Amino acid sequence: MRFLLVEDSDELARAVASRLAMEGHGVDHAPTLADARHFLETVPYDLILLDISLPDGDGRDFLVRERAARRDTPVIMMTASASVSDRVSTLDQGADDYITKPFDFAELQARCRAVLRRRDGAIDSRRHFAGFVFDSLAATLTVAGEVRELRARELRLLEILLSRPGQAYSKAHLIDRLFSFDEEVSDNAIEVYVGRLRRKLEGSGARLETLRGVGYRLIPE
């Protein structure tokens with residue numbers, strides 16, 4: 001997925017981006033609210049990680065404006081305050097979750113997964129489709145009882161394709177969803193991940209179809 005990290009500490013931002021990249025997410029770092037607004041005008045994001053205290057304003061005010069504009073991208077607030085009243089007010093202002101600094105990276109990753117599952121209306125991490133079972137938490141694909149492990153970006157690619165089976169996704173769209181601005185990516189990279197995922201899907205009733213000049217889609221055979 002494509003995340004926007006709004007955090008003025010370069011050290012913390014690098015650490016968070018590195019951990020999330022290990023799970024296959026593309027992460028763009030905005031050190032100020034002005035940078036965040038610029039990113040949001042350019043790219044659609046799946047999740048925003050938003051600090052409260054930023055050099056050019058309060059993250060909560062930014063959140064309120066986003067919700068007032070009817071933009072519903074999930075937001076996890078990152079706050080140094082352990083006050084119950086602060087956490088409650090942040091949730092009431094439209095945050096989907098919060099995490100208190102300093103935090104454990106494993107907890108942050110778990111909260112990101114939980115918020116994304118709620119966004120998609122999923123309670124169970126497993127998805128059944130065309131003869132296979134996809135478990136996003138275990139990072140596995142099960143075909144005819146055989147469990148096949150997925151690498152991080154194979155997993156994220158399958159998540160995207162499974163979110164709307166039958167819909168075609170262009171290479172440019174997949175690059176935007178899977179990689180950050182800082183990563184140099186060619187169209188061939190998407191072909192590599194598509195090829196790997198096709199091999200993992202062999203024996204199931206699903207087909208990862210190439211639509212020449214359009215992109216890729218996941219359909220039942």
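This is a predicted model: local features need pLDDT of at least 70, side-chain atom pairs count only at pLDDT 80 or more; totals for chains, interfaces and linings use all residues.
Let me begin with Leu155, which is buried, with a relative accessible area of 4%, where buried means under 20% relative accessible area, exposed means over 50% and partly exposed lies in between, for a 1.4 Å probe and protein chains only. Residues are numbered from 1 along each chain as its sequence is written, and side-chain values use heavy atoms, with hydrogens and water left out.

Leu155 is found in helix H6, and here helices (H or I, at least four residues) and strands (E, at least two) are DSSP runs, numbered from the N terminus. Leaving aside neighbours within four places in sequence, Leu155 is in contact with Phe134, Ser136, Ala139 and Leu150, contact meaning heavy atoms within 4.5 Å. The C-alpha atoms of Leu155 and His29, which are 126 residues apart along the chain, are separated by 23 Å.

Now to the sheet beside this helix. Helix H6, residues 152-163, lies across E8, E9, E10 and E11 and runs at about 115° to E9; for such values, axes are lines fitted to C-alpha atoms, for helices over the stretch in contact, and angles run from 0 to 180 degrees between N-to-C directions. The sheet itself is open, with 4 strands in the order E8-E9-E10-E11 and antiparallel pairing, and two strands are taken to pair if DSSP finds at least two bridges between them. Its edge strands are E8 (126-129) and E11 (146-149), each of which pairs on one side only, and neighbouring strands are turned by 20° against each other on average, direction ignored.

Within the sheet, strand E9 (residues 132-135) and strand E10 (residues 140-143) pair in the antiparallel sense over 4 bridges, and Val133 stands opposite Thr142 in E10. These two strands, E9 and E10, form a hairpin with 4 residues between them, and Ala139 in the turn has a positive phi of about 55°. E10 is also joined to E11 by 4 bridges, again running antiparallel, with Leu141 standing opposite Arg148 in E11. In the hairpin of E10 and E11, where 2 residues lie between the strands, Ala144 takes a positive phi near 50°.

On the H7 side the contact is made by Lys171, Leu174, Ile175 and Leu178, and on the H8 side by Asp187, Ile190 and Glu191.

Finally, I turn to Asp51, which is found in strand E3 (residues 47-51) and is buried, with a relative accessible area of 5%. Not counting residues up to four places away in sequence, Asp51 touches Val6, Glu7, Asp8, Gly59, Met77, Met78 and Lys101.
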